[in-house]
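Here's a quick briefing to read alongside the model. Have the structure open and follow along.

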Amino acid sequence: MAQGQVFDVPHQQDAPTRTLFVGVQNPKALVLLFPGGGGMLRLKDDGSMRNQHTFVRSLAQWDQYQIAAVLVDTPYDLGDLRRGDRRNEDDHLKRVGEVVSFYKSKTGLPIWIFGHSMGTSTATYFVNQLNEDSKKLTGIIIAGTVRTALLDDRVRLPVAAIHHQQDECKGTPPSASQDIISGRPKNYISRFEVIEGGISEGDVCVSFAYHGFNQTEPEFIKRAAQFILNQK
């Protein structure tokens with residue numbers, strides 16, 4: 001996995017939001033990565049973790065595109081579609097805003113939010129707020145989108161949605177990504193990307209299934225990175 005530096009972003013009097021920053025030489029942008037499931041990576045002080053989410057497996061691949069990457073952890077379980085989605089709660093969205101502001105101040109780079117699976121719920125809820133924190137973003141990418149995710153038409157940010165053609169998870173059908181893009185106003189920058197190939201192992205809703213772009217990570221990151229770099 002890519003070597004990075006841990007930064008704890010303060011949150012009121014509560015536990016901070018832990019992040020893992022992987023810098024690159026001459027960066028052109030920075031992407032904030034919000035994983036799916038309950039969102040807990042359990043990042044240790046040295047940046048290590050046992051989690052093998054798609055974003056963790058592909059973390060080193062952003063470097064070739066001169067894009068800095070940040071894994072964003074959560075100190076508590078954010079739930080899922082079966083157990084209840086907590087990603088629209090004020091505390092979580094404030095934490096996202098604090099992370100956006102922290103890295104915008106730290107780097108001065110264009111900041112992108114990228115959510116996978118349940119992380120697409122975080123990304124869309126956050127940008128739909130249309131507040132000062134969300135306006136610091138340059139764009140949004142969603143992948144393996146959950147069927148409950150929606151984007152407000154007032155969100156004018158460039159949007160890319162990436163989905164595996166063979167995603168069999170009932171909570172994340174390919175139509176969830178496609179519908180968001182097809183529903184965007186025609187004058188907005190929007191793109192739907194379909195990934196093929198790879199292999200599927202285990203539960204169809206986990207990160208080693210087609211849902212998690214297993215063994216297509218280079219193409220997965222390439223599509224996202226090219227969309228980011230094409231936006232001026």
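Predicted model: local features only at pLDDT ≥ 70, side-chain atom pairs only at ≥ 80, totals over all residues.

Residues are numbered from 1 along each chain as its sequence is written, and side-chain values use heavy atoms, with hydrogens and water left out.

**Pocket and cavity**

- The largest pocket holds about 690 Å³ of space. It has 29 lining residues, and Gly-36, Gly-37, Gly-38, Asp-80 and Cys-205 sit closest to its centre.
- On terms: with a 1 Å grid over the protein atoms alone, a pocket is an open set of points with protein on both sides within 12 Å along at least five of seven lines, a cavity is a set where a 1.4 Å probe fits but cannot get out, and lining residues have an atom within 4 Å of a point. Grid points are joined across faces, edges and corners, and a volume is the space filled by probe spheres set on the points.
- Sorted by type, the lining of the largest pocket comes to 9 nonpolar, 13 polar and 7 charged residues. Here Ala, Val, Leu, Ile, Met, Phe, Trp, Tyr, Cys and Pro count as nonpolar, Asp, Glu, Lys and Arg as charged, and the others, Gly among them, as polar.
- Searching the whole structure turns up 1 cavity of 30 Å³ or more. The largest cavity has a volume of about 70 Å³, and of its 13 lining residues, Phe-34, Asp-73, Thr-74, Leu-78 and His-92 are the closest to its centre.
- Helix 2 (residues 90-107) gives the largest share of the lining of the largest cavity, with 3 residues. That lining splits into 6 nonpolar, 4 polar and 3 charged residues.

**The disulfide**

- There is 1 disulfide in the structure (a pair of cysteine sulfur atoms within 2.5 Å). Cys-169 and Cys-205 form it, with their sulfur atoms 2.1 Å apart.
- Cys-169 is in the loop between strand 9 and helix 4 (174-182), and Cys-205 is in the loop between strand 10 (190-195) and helix 5 (217-230), so the bond ties together parts that are 36 residues apart in sequence. Helices (H or I, at least four residues) and strands (E, at least two) are DSSP runs, numbered from the N terminus.
- The torsion about the S-S bond of Cys-169 and Cys-205 is about 95 degrees, so this disulfide is right-handed.
- Cys-169 is buried at 8% relative accessibility, while Cys-205 is partly exposed at 34%. The cut-offs are under 20% relative accessible area for buried, over 50% for exposed and in between for partly exposed (1.4 Å probe, protein chains only).

**Loop residues to look at**

- Asn-26 has a positive phi, near 50 degrees, though it isn't a glycine. You'll find Asn-26 in the loop between strand 2 (14-22) and strand 3 (29-34), exposed at 60% relative accessible area.
- Ser-117 is another non-glycine with a positive phi, near 55 degrees. Ser-117 sits in the loop between strand 7 (111-116) and helix 3 (119-128) and is buried, at 9% relative accessibility.
- Neighbours within four places in sequence aside, Ser-117 is in contact (heavy atoms within 4.5 Å) with Gly-36, Ala-143, Gly-144, Val-146, Thr-172 and His-211.
- Thr-148 belongs to the loop between strand 8 (137-143) and strand 9 (159-164), and is partly exposed at 41%. Thr-148 and Met-118 are 30 residues apart in sequence, with their C-alpha atoms 9.5 Å apart in space.
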